[in-house]
Amino acid sequence: MTDARSPGAAALPQTQTADPGGLPSVDMDPVEYTLRKRLPRKLPKRRNDVYVNMKTDFRAQLARCQKLLEGGGGGGAGGGHREICVHGLGLAINRAINIALQLQASSQGALQLAANTSTVELVDDLEPDDPDEATGEPLTRTRNNSAIHIKVYYPSP
């Protein structure tokens, strides 16, 4: 499954040759590629998991987290969840941290935070712009991206 949200032209493969002046120059392969970023592999999604992104409005994501903690999120019979887990990937790490801190501040210190970081391996597909240049094997590229997982919870009495 590919995600066509951010196509960009990337020329691959690149080779370096030495210039007469000593500076390396980059020779580009004439085939242009479109970069298709796949969606990341998600952790098992539970009712109390919140995956933060940069496309959804910040206040809407914060309200969703507050609703899960207060009882509108389908938690137990008496109210909301005792804990939620806020996940952020890449650029959304700062937003995930901000949401967790806003939740803690609005609870007057009743909520505790526990953060873990990780590295997520992402796979990108490189599709040639010219269909005649397509080979049998699709080109893929793997890269790493940082992630944060923040447990927001009420401590045990």
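Leaving aside neighbours within four places in sequence, Gln 66 is in contact with Leu 103 and Ser 106 in this predicted model. The C-alpha atoms of Gln 66 and Gln 102 are separated by 9.8 Å. Along the chain, these two residues are 36 residues apart.

Gln 66 belongs to helix α1, which runs over residues 58-70. The helix has 13 residues, and at 1.5 Å a residue these should span 18 Å. The end C-alpha atoms of α1 are 18 Å apart, in agreement with that expectation.

The buried residues of α1 are Gln 61, Leu 62, Cys 65, Leu 68 and Leu 69. They lie on the same side of α1, because they cover an arc of only 120° around the axis. Arg 59 and Glu 70 are exposed on the other side of the helix. The buried residues pack against two strands, β5 and β6. They also pack against α2 (93-106) and β8 (139-153). Just after α1 comes Gly 71, with a positive phi of about 130°.

Strand β5 (residues 49-52) is covered on both faces. Asp 49 and Tyr 51 are buried on one side. Val 50 and Val 52 are buried on the other. β5 pairs with strand β6 (residues 83-89) in the parallel sense, over 4 bridges. Within β6, His 87 is the bridge partner of Tyr 51.

Methods
Residues are numbered from 1 along each chain as its sequence is written. This is a predicted model: local features need pLDDT of at least 70, side-chain atom pairs count only at pLDDT 80 or more; totals for chains, interfaces and linings use all residues. Side-chain values use heavy atoms; hydrogens and water are left out. Contact means heavy atoms within 4.5 Å. Buried means under 20% relative accessible area, exposed over 50%, partly exposed in between (1.4 Å probe, protein chains only). Two strands pair if DSSP finds at least two bridges between them. The expected span of a helix is 1.5 Å times one less than its number of residues. The arc is that of the directions from the helix axis to the C-beta atoms.
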